[in-house]
Amino acid sequence: MFLLHEYDIFWAFLIISSVIPILAFVISGVLAPVSEGPEKLSSYESGIEPIGDAWLQFRIRYYMFALVFVVFDVETVFLYPWAMSFDVLGVSVFIEALIFVLIPIVGSVYAWRKGALEWS
């Protein structure tokens, strides 16, 4: 039998964590001053008059570098709890963590060999 009353704290947390951001957006939308004009709608480039269109296409290489950074950053976050309890865990968890680290390394070596990480 599935007991829903055991999840009361979960549902309360879910509702509260959904209502707070919605209220923040609504309150800021009501209280914020609205002044639209040509200065407000123009793009800002460090006090210099903007030259050209603001919608420029960037090369895909910039996104590749950002994606590689995010992958290794998230991997570091997931490895931190494992490193804190390394002495309690067994050899099987060490092998799993090694596989977890090897997958992005193999992927980055593959991308490097294909030339996806060349900055030129």
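Let me start with a term: the radius of gyration here is taken over C-alpha atoms, and the rule for a globule is 2.2 Å times the number of residues to the power 0.38. What you see is a predicted model. For a compact globule of 120 residues, the radius of gyration would be near 14 Å, whereas this protein chain has 24 Å. Along the principal axes, its C-alpha trace spans about 65 × 55 × 25 Å.

Next, the secondary structure. The protein chain has four helices and zero strands, so reading from the N terminus on, the order is simply α-α-α-α.

The chain is also divided into two parts: domain 1 covers 1-32 and domain 2 covers 53-119. Taken over C-alpha atoms, the centres of domain 1 and domain 2 are 33 Å apart.

Now the annotation. An unreviewed UniProt entry places the feature "transmembrane region" at residues 12-34, 62-83 and 89-112. In the model, residues 62-83 are 100% helix, with 31 Å between the end C-alpha atoms. Residues 89-112 are 92% helix and 0% strand, and there the end C-alpha atoms lie 34 Å apart.

How do helix α3 and helix α4 pack? Helix α3, residues 60-84, and helix α4, residues 91-114, pack at an angle of about 170°, and their axes are 11 Å apart. Because angles over 145 degrees count as roughly antiparallel, α3 is roughly antiparallel to α4.

Which residues meet there? From α3 they are V71, F72, E75, F78, L79 and W82, and from α4 they are V93, F94, A97, F100, V101, P104 and S108. By class, this contact has eleven nonpolar residues, one polar and one charged.

Technical notes
Residues numbered from 1 in each chain as written. Predicted model: local features only at pLDDT ≥ 70, side-chain atom pairs only at ≥ 80, totals over all residues. Heavy atoms only, no water. UniProt positions renumbered as here; feature names shortened; annotations may be inferred. Helix = DSSP H or I, 4+ residues; strand = E, 2+ residues; numbered from the N terminus. Domains from an automatic or database assignment. Axes fitted to C-alpha atoms, helices over the stretch in contact; angles between N-to-C directions. Parallel < 35°, antiparallel > 145°, perpendicular 65-115°, else oblique. Contact = heavy atoms within 4.5 Å. Nonpolar A, V, L, I, M, F, W, Y, C, P; charged D, E, K, R; others polar.
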